[in-house]
Amino acid sequence: MKKIAIEVNGKKVSKEIQDHTTLSGLLRDILNLTGTHIGCDTSQCGACVVHVDGKSIKSCTALAADLDGSKVTTIEGLASNGKLHPMQEAFKKMHGLQCGFCTPGMVMSAVDLLKNKKNPSDQEIRDWLEGNICRCTGYHNIVAAVKEAASKM
Amino acid sequence: MKTFNYHSAKDVKEASKLASSNSAFLAGGMTTIPSMKLGLASYKDIIDIKRIKKLSGIKISGKTVTIGATTKHSEVASSKDVKKAIPSLAALAEGIGDPQVRNRGTIGGSIANNDPAADYPSACIALNATIHTNNRSIDAEKFFRGMFETCLKSTEVIEAIEFSIPQKSSYQKLPNPASRYAIIGVYVAKHKTGINVGITGAKSCVYNDKDLAGALTKNFSSSAIDSVKISSSGMNSDIHASSDYRANMVKAFAKKAVDAC
């Protein structure tokens with residue numbers, strides 16, 4: 001067992017975890033933040049993307065023990081005061097989701113993209129979302145949603 | 001995933017001391033963690049080397065670029081110094097996996113794993129790399145031994161990889177559309193001392209194609225590659241590409257790389 005102290009969505013959390021607990025396991029099973037989804041569980045599908053210290057990573061492939069002292073933002077941490085984040089609004093407006101399973105990861109990944117590129121081209125959005133797999137939408141409306149968010153942020 | 005004892009080493013000495021034949025060093029974990037989840041690997045001890053400061057960073061001297069073992073792909077891809085000194089190396093890093101993998105995955109982890117379809121091993125071969133460990137300095141040509149095999153000992157920690165800055169170079173790959181691993185990847189580099197053609201994805205281990213290098217030494221142009229025969233013998237054959245197709249792609253991508261130099 002290891003004791004770790006991290007910050008999740010602005011709240012300080014201190015927990016005793018097993019050595020092999022992944023960040024996705026900590027978020028979902030221990031902190032009950034089930035917005036972070038687990039698809040493939042081997043870092044290919046991107047449903048589990050969260051931000052650690054400001055950068056998007058796949059939480060299924062990070063050990064919680066190794067993140068002691070980090071700041072984590074999950075999909076639950078995007079909205080503020082009951083108001084959706086512009087990226088969430090844009091996914092809703094542009095119908096950038098169907099079943100919604102991949103959406104938390106898509107949104108977290110896209111938010112990270114806009115931190116570094118204010119007005120990405122279609123190609124840049126598609127390249128950036130390479131690690132986020134969606135089996136419903138065909139990606140078209142997801143790209144449209146990211147562009148919509150970029151115009152509002 | 002089977003459980004293990006997690007250790008975060010404070011320095012290389014401690015990391016090496018904790019290591020055994022039943023342990024693995026953890027840098028980005030982009031291969032190690034999925035391998036453990038899939039039951040392909042299990043260890044008694046996982047020794048995290050990410051917090052050892054001296055293992056991370058990029059240094060440029062007159063003739064070489066030295067990259068610390070735990071430097072992330074995204075750091076190499078975005079480094080102004082690497083882009084200036086060896087643009088093909090920054091471009092290679094930008095083409096690994098996806099953004100989230102590049103935010104965690106490290107150069108030392110990539111070469112220690114020596115996946116036959118990984119990108120960095122071809123850069124080590126093409127750019128006459130020296131792999132510095134806590135015990136010794138190893139030439140890239142001697143470092144990569146076979147499929148997922150290197151000459152590293154279980155207690156040996158890669159500290160940094162030193163690449164020679166070439167006169168011209170280019171890395172071109174045919175990526176697997178799902179994983180972005182190389183179905184084949186060709187790294188052509190022209191140095192004052194000679195030409196290397198590092199090839200990944202084609203066989204069980206990265207190699208320097210001496211026939212292609214020889215033809216390019218006589219005439220550094222893509223047309224010089226036309227007359228080189230690439231044998232498919234010993235090449236990988238799987239659901240993604242047959243060995244004949246791979247042999248053909250080695251030639252096509254070698255030409256592409258020379259044209260892009």
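Student: Which residues touch the most other members in the largest nonpolar core?

Tutor: In this predicted model, the largest nonpolar core holds 37 residues, and those that touch the most other members are Leu89(B), Ile111(B), Tyr120(B), Phe144(B), Ile161(B), Phe163(B) and Tyr187(B).

Student: And which helix gives the most to this core?

Tutor: That is helix α8 of chain B, covering residues 120-126, which gives 5 residues to the core. As general background, nonpolar side chains in soluble globular proteins tend to be buried together.

Student: What does Tyr120(B) touch, leaving out residues up to four places away in sequence?

Tutor: With those set aside, Tyr120(B) touches His73(B), Val76(B), Leu89(B), Leu92(B), Ala93(B), Ile96(B), Ile107(B), Ser110(B) and Ile111(B). Two of these names, Leu89(B) and Ile111(B), also stand in the list of core residues that touch the most other members.

Student: Switching to rings, how many aromatic pairs does the structure hold?

Tutor: Over all chains the structure holds 2 aromatic pairs. One of them joins Phe143(B) and Phe144(B) in an edge-to-face arrangement, with 5.0 Å from centre to centre and 85° between the planes.

Student: Are Phe143(B) and Phe144(B) buried or exposed?

Tutor: Phe143(B) is buried at a relative accessible area of 0%, and Phe144(B) is buried too, with a value of 8%. The other pair is formed by Tyr171(B) and Tyr187(B), and this one is tilted, with 5.4 Å between the centres and 35° between the planes.

Student: What does the pair of Tyr171(B) and Tyr187(B) tie together?

Tutor: Tyr171(B) lies in strand β11 (residues 168-175) of chain B, while Tyr187(B) lies in strand β12 (residues 182-191) of chain B, so their pairing ties together parts that are 16 residues apart in sequence. Tyr171(B) counts as buried at 12% relative accessibility, and Tyr187(B) is buried with a relative accessible area of 0%.

Student: Where do the charged ends of Lys190(B) and Lys203(B) sit?

Tutor: The charged end of Lys190(B) sits over the ring of Phe220(B), at 5.9 Å from the ring centre. For Lys203(B), the charged end sits over the ring of Tyr207(B), at 4.5 Å from the centre.

Student: OK, over to chain A. How many residues does helix α3 of chain A have, and what does it reach end to end?

Tutor: Helix α3 of chain A, residues 103-116, has 14 residues and reaches 20 Å from its first C-alpha to its last, which is close to the 20 Å expected at 1.5 Å a residue.

Student: Why is α3(A) called largely enclosed?

Tutor: It is described that way because 12 of its 14 residues are buried, so the rest of the structure largely encloses the helix. The buried residues of α3(A) include Thr103(A), Pro104(A), Met106(A), Val111(A), Asp112(A) and Leu114(A).

Student: What does the domain assignment give for chain A?

Tutor: The assignment gives domain 1 (2-77) and domain 2 (86-152) for chain A. The C-alpha centres of these two domains of chain A lie 21 Å apart, and the contact takes 18 residues from domain 1 and 15 residues from domain 2.

Student: Which residues have a positive phi without being glycine?

Tutor: Asn9(A) has a positive phi of about 50°, and His95(A) has a phi near 55°, again a positive value in a residue other than glycine. Asn9(A) is found in the loop between β1 (2-8) and β2 (11-17) of chain A and counts as partly exposed at 25% relative accessibility. His95(A) is found in the loop between α2 (86-93) and α3 of chain A, where it is partly exposed, with a relative accessible area of 47%.

Student: Back to chain B: what is Ile33(B) in contact with?

Tutor: Apart from neighbours within four places in sequence, Ile33(B) is in contact with Cys60(A), Thr61(A), Ala62(A), Leu63(A), Met1(B) and Leu26(B). Ile33(B) lies in helix α2 (residues 32-37) of chain B and is buried, with a relative accessible area of 1%. Although Ile33(B) and Met1(B) are 32 residues apart along the chain, their C-alpha atoms are separated by 8.5 Å.

Student: And where does Asp11(B) lie?

Tutor: Asp11(B) lies in the loop between β1 (5-8) and α1 (12-18) of chain B, and it is partly exposed, with a relative accessible area of 29%. The C-alpha atoms of Asp11(B) and Ser88(B), which are 77 residues apart along the chain, are separated by 32 Å.

How values were computed. Residues numbered from 1 in each chain as written. Chains lettered and ligands numbered in written order. Predicted model: local features only at pLDDT ≥ 70, side-chain atom pairs only at ≥ 80, totals over all residues. Heavy atoms only, no water. Phe/Tyr/Trp six-rings, centres within 6.5 Å; stacked < 30°, edge-to-face > 60°. Buried < 20%, exposed > 50% of the residue type's maximum accessible area, 1.4 Å probe, protein only. Helix = DSSP H or I, 4+ residues; strand = E, 2+ residues; numbered from the N terminus. Lys NZ or Arg CZ within 6 Å of the ring centre and 35° of its normal. Expected span 1.5 Å × (residues − 1). Core = buried A, V, L, I, M, F, W, Y, C linked by side-chain atoms within 4.5 Å. Contact = heavy atoms within 4.5 Å. Domains from an automatic or database assignment.
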